[in-house]
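Subject: Structure for you, with notes

Hello,

Here is the structure I promised to pass on. Please look through it alongside the notes below.

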Amino acid sequence: MDKVDAIIVGGGLAGLTAAYHLATAGRQVILLERGDAPGSKNVTGGRIYVDPIKDYLPGIIAEAPFERHVVKEIITVLDDDASVQLEYANDRWRSEPYMSYTVLRATFDGWLAEKVSEKGAFVIPKKKVDDLLWEEDRVVGIKAGDEEIGAHIVIAADGALSFMAEKAGLRKPLEPRNYAVAIKEIYRLDEKTIDDRFGLQPGEGTANLFVGAITRGMFGGGFLYTNRDTLSLGIVVGIGDLIQQKDPVAASLLMEEFAARPEVQRWIRGGELKEYAAHIISEAGAGGIPKLYTGGMLVAGDAAGFSLNLGLTVRGMEFAVASGAIAAGVADEALAKGDLSAAFLSRYEQKLKESFVLSDMETFRHARDVLENKRLFTVYPKFLSELLAALFTIGKGKKEPLYTSAKAAVRKYILNWEGCKDLFSVRKM
Amino acid sequence: MNVVVLVKQIPDPEALVAIGGDGVSLDIEQKFAMNLFDEFAIEEALRIKAKHAGKVKVITLGSRKAIEALRTGIAMGADEAVLLEDEAFLAGDGYATALVLSRAIAKEPFDIILCGRQAIDDDRGEVGPMVAQFLGLPHVGGILKLDVADGRAVAEVAVEGGKETVEVQLPALFTAQKGLNEPRVPLITGVMRAMKAQIARATAADLGLATAQAGRPGSKVKVVQYSPPKKKPAVQIIPGAPREAAIEAVRILMDVERVL
């Protein structure tokens, strides 16, 4: 069978970055994407941090079509009928080089795909890869429909549900607890209106996080990102919690309730709903990483479980770009040596450990145990809300001393065995 | 057997189209696709080639972007592609477009011309028959079946309540109707071939046409105004428990809209 140098399955950030590097190195590369175009099936929130990726997309990252650079973070903690909002702005974020940008992946991935094509790789959309081709214990190509295409190396960058990793026997069967469902809506709103509403200068953006009653005690939270002339609004809920509900509520209903909250309406009102999408996210952290290579194959990006939820920050894109680039580097070396064995490809894992990808995943191995604590989504939002209610409320009767009110709230919610355990568990992060 | 297929790149059926302020220009979202009927034409050409050998040439008139439609043709299996690209060709009506296409077709010997029965953007269905007219050829519109043998073709055409079978001498032009075949999905290897393929180009001068004969100056039909379709009233969502909401929906249908 004729073989191309590399086939990359999936046209997201990991796949496109890998294709970019391999094509730049002069390798013959075919990238196959299931959607109508790279990015078309993407449901990223999202925001991308520049520093971790700029060395992995050298030269071109400066021309990337980002939306707005993030200059402030807004956190909203919600009780059933009350909320606390915290805004953190940092003047340093207002000047270049900017730390992070909001991004619309259909635009961004489309742009990156063009860069990849310019380097001579074949980016072919609307092609679903159905299976891998094997010679003994080595992957030697792919099967798409009736077509078989041989390749010296296959890079699986086919997303959180990676069927390629599964077909290659690298991944354990999926566990609901390891995944969350994300629902995202995109609202069109005038650029100037967004600036005024969020208190931004032209080009500036915010990242908004919502936590508390919106997930009805389940693991998860909401997000809102300002794009140039749209808002990305979404909710993330743990699938394990969703299926264990006593009184089941569909995730789509949670999204509706979330969007209807006054704390959200104040931002999106008047916006025209343009898109509705849903996807799954890996929440397993380091514990969910499959075997990353086998003979003739590497796994990168979400397919490799490279996503890290630290509550206030959720990262995946940086890991995708970095792992795609590192996979391409190892693939190029392997092609040069003519050694596509699992033994040689094991250096992929070594290089990931030397990079921030596997070291960050390892550092925050226990983040999920901390974040999975239901009290984060129930008790603490309630505590905050009741504490402030006690402090601010003036009624007909005699007002308790503020200290007494605060003490009562603290006693009720925090100063107990569970609270101490929570404090202790946070040390794991 | 040499088959020429005329294709058109049209706005993707999902692309947003807005009428410009002048009422005669269109602001179209930059999402394109090949005209569905043209895919039937290419598929039929490839089937003829598979049976009778020869080559399939795809021709389009359009801007550089229209190369995508030609590449789709090559990815499906066409041998050659020609882009008719010239400032002078822009904004032409069916007549001007058919004149340019017929000149391009006449550059090389051919046996069969296939095209879609209409483009699904403006739905006029006039270019095919006019090309046949310019070239002095028989035209069979909206075919559902085509058999070629011994310099003749037998085609089936839909008529009210049935089918009509016609026979013509080749060369001839046929326009493809839905039902003629099931267009193939390009193979990965086909797409790779298409991405690498050199696309030939021809300008007005190459075709021996004066600028006054093509595009807007060469057109017989002029667009006076576009009008938007009637706006559908906004969707009304009835809140509340399913039972109460259903009762309210029935009340609206009976008392407000009076459709029940």
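The notes below go through domains, contacts, helix packing, the sheet and some backbone details.

This is a predicted model: local features need pLDDT of at least 70, side-chain atom pairs count only at pLDDT 80 or more, and totals for chains, interfaces and linings use all residues. Residues are numbered from 1 along each chain as its sequence is written, while chains are lettered from A and ligands numbered from 1 in the order in which they are written.

**Domains**

Bounds here come from an automatic or database domain assignment. Chain A is assigned domain 1 (3-44 + 56-65 + 105-173 + 287-369), domain 2 (177-282) and domain 3 (378-426). The C-alpha centres of domain 1 and domain 2 of chain A are 28 Å apart. Eight residues from domain 1 of chain A and ten residues from domain 2 of chain A form their contact. (Two residues are in contact if their C-beta atoms, placed from the backbone, lie within 7 Å.) The domain 1 side of that contact has four nonpolar, three polar and one charged. (Ala, Val, Leu, Ile, Met, Phe, Trp, Tyr, Cys and Pro count as nonpolar, Asp, Glu, Lys and Arg as charged, and the others, Gly among them, as polar.)

Chain B splits into domain 1 (2-213) and domain 2 (233-260). Their centres, taken over C-alpha atoms, are separated by 48 Å.

**Chain A against chain B**

Eight residues from chain A and five residues from chain B make the contact. On the chain A side, strand E2 (29-32), strand E7 (122-124) and strand E10 (147-156) each supply at least two residues. (Helices, H or I with at least four residues, and strands, E with at least two, are DSSP runs numbered from the N terminus.) That side of chain A holds six nonpolar, no polar and two charged residues.

**Helix packing in chain A**

Helix H1 (residues 13-24) and helix H3 (residues 105-118) of chain A pack at about 20 degrees, with axes 9 Å apart. (Axes are lines fitted to C-alpha atoms, for helices over the stretch in contact, and angles run from 0 to 180 degrees between N-to-C directions.) That angle makes H1(A) roughly parallel to H3(A). (Angles under 35 degrees count as roughly parallel, over 145 as roughly antiparallel, 65 to 115 as roughly perpendicular and the rest as oblique.) Their crossing is left-handed. (Left-handed: the near helix is turned anticlockwise from the far one by less than a right angle; right-handed: clockwise.) A:Leu16, A:Ala19, A:Tyr20 and A:Ala23 of H1(A) meet A:Asp109, A:Leu112, A:Ala113, A:Lys115 and A:Val116 of H3(A). By class, this contact has seven nonpolar, no polar and two charged residues.

Helix H9 (residues 317-337) and helix H11 (residues 347-354) of chain A pack at about 140 degrees, with axes 10 Å apart. H9(A) is therefore oblique to H11(A). The crossing is right-handed.

**The sheet in chain B**

Chain B has an open sheet of nine strands with mixed pairing, in the order E11-E10-E9-E12-E8-E1-E6-E7-E13. (Two strands pair if DSSP finds at least two bridges between them.) Strand E11 (162-169) and strand E13 (200-202) of chain B are at the edges, each with a single partner strand, so one side of each has no neighbour in the sheet. The twist averages 30 degrees from one strand to the next. Strand E10 (residues 152-159) of chain B pairs with E11(B) in the antiparallel sense over eight bridges. B:Ala158 stands opposite B:Lys163 in E11(B).

**Helices H3 and H4 in chain B**

The axes of H3(B) and H4(B) come within 8 Å and cross at roughly 50 degrees. This makes H3(B) oblique to H4(B). H3(B) passes H4(B) in a right-handed crossing. The contact of H3(B) with H4(B) has ten nonpolar, three polar and no charged residues.

**Backbone details**

Most residues other than glycine have a negative phi, and most peptide bonds are trans. A:Glu96 and A:Pro97 are joined by a cis peptide bond, with omega about -5 degrees. A:Pro97 is in the loop between strand E5 (83-89) and strand E6 (100-102) of chain A. B:Leu170 and B:Pro171 are also joined by a cis peptide bond, with omega about 0 degrees. B:Pro171 is in the loop between E11 and E12 of chain B. A:Lys126 is not a glycine, yet has a positive phi of about 60 degrees.

Best wishes
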